[in-house]
Amino acid sequence: MKKINFALLCLSVSFAFAQNPVSYPKDTAISKPELNFEVLWHTFEDNYAFFKLRNIDWHAAYQKYRPLINANTSDDSLYTVFLRCWLLFMTIISMLSFRG
């Protein structure tokens with residue numbers, strides 16, 4: 001019985017570590033606004049499972065919005081870029097919900 005409990009514990013721990021972790025940017029010398037954008041983008045990239053199903057090109061969104069962020073980006077400007085990304089995302093989702 002102890003061996004079965006131990007095996008189940010090991011199995012559950014391995015599943016916990018097998019979860020897809022958020023991939024943070026490798027460059028640790030980037031500014032706070034750049035890091036915030038990277039973490040937001042990578043969090044969606046790593047955890048939202050329906051980009052292909054919903055026909056969302058998340059990488060195109062990165063190419064469009066990432067150049068707008070630099071070390072001098074204010075909090076308000078960063079918020080505006082986040083909002084634009086979110087609105088792009090939600091517009092596509094809402095268009096799909098009206099279809100079906």
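**View 1. Asn55, an exposed residue in a loop.** At 69% relative accessibility, Asn55 counts as exposed (that means over 50% relative accessible area, with buried under 20% and partly exposed in between, using a 1.4 Å probe and protein chains only). This is a predicted model, where local features need pLDDT of at least 70 and side-chain atom pairs count only at pLDDT 80 or more, while totals for chains, interfaces and linings use all residues. Residues are numbered from 1 along each chain as its sequence is written, and side-chain values use heavy atoms, leaving out hydrogens and water. Asn55 sits in the loop between H2 and H3 (helices are DSSP runs of H or I with at least four residues, strands are runs of E with at least two, and numbering starts at the N terminus). What is the phi of Asn55? It is positive, about 60°, even though Asn55 isn't a glycine. Most residues other than glycine have a negative phi.

**View 2. Helices H2 and H3, packed against each other.** H2 covers residues 32-47 and H3 covers residues 58-65; they pack at an angle of about 170°, with their axes 11 Å apart (axes are lines fitted to C-alpha atoms, over the stretch in contact for helices, and angles run from 0 to 180 degrees between N-to-C directions). H2 and H3 are therefore roughly antiparallel (angles over 145 degrees; under 35 is roughly parallel, 65 to 115 roughly perpendicular, and the rest oblique). On the H2 side, Phe37, Glu38, Trp41, Phe44 and Glu45 make the contact, and H3 brings Trp58, His59, Tyr62 and Tyr65 (contact means heavy atoms within 4.5 Å). Sort these residues by type and you get six nonpolar, one polar and two charged (Ala, Val, Leu, Ile, Met, Phe, Trp, Tyr, Cys and Pro are nonpolar, Asp, Glu, Lys and Arg charged, and the others, Gly among them, polar).

**View 3. Glu45, a partly exposed residue of H2.** Glu45 lies in helix H2, and at 27% relative accessibility it's partly exposed. Leaving aside residues up to four places away in sequence, Glu45 touches Phe51, Trp58 and His59. Glu45 and His59 are 14 residues apart in sequence, and their C-alpha atoms are 8.6 Å apart in space.

**View 4. Leu40, another residue found in H2.** Is Leu40 buried, partly exposed or exposed? It's partly exposed, because its relative accessibility is 27%. Although 45 residues separate Leu40 and Cys85 along the chain, their C-alpha atoms are 10.0 Å apart.

**View 5. The largest nonpolar core, with its 14 residues.** Such a core is a set of buried Ala, Val, Leu, Ile, Met, Phe, Trp, Tyr and Cys residues joined through side-chain atoms within 4.5 Å. Those with the most contacts inside it are Phe37, Phe44, Phe51, Trp58, Tyr65 and Phe89. H2, H3 and helix H4 (75-99) each give two or more residues to this core, and the largest share, four residues, comes from H4. Take a look at Phe89: not counting residues up to four places away in sequence, it touches Phe44, Tyr48, Phe51, Ile56 and Trp58.

**View 6. Stepping back: four helices and zero strands.** From the N terminus on, the elements run α-α-α-α. Of the protein's 100 residues, 23% count as buried.
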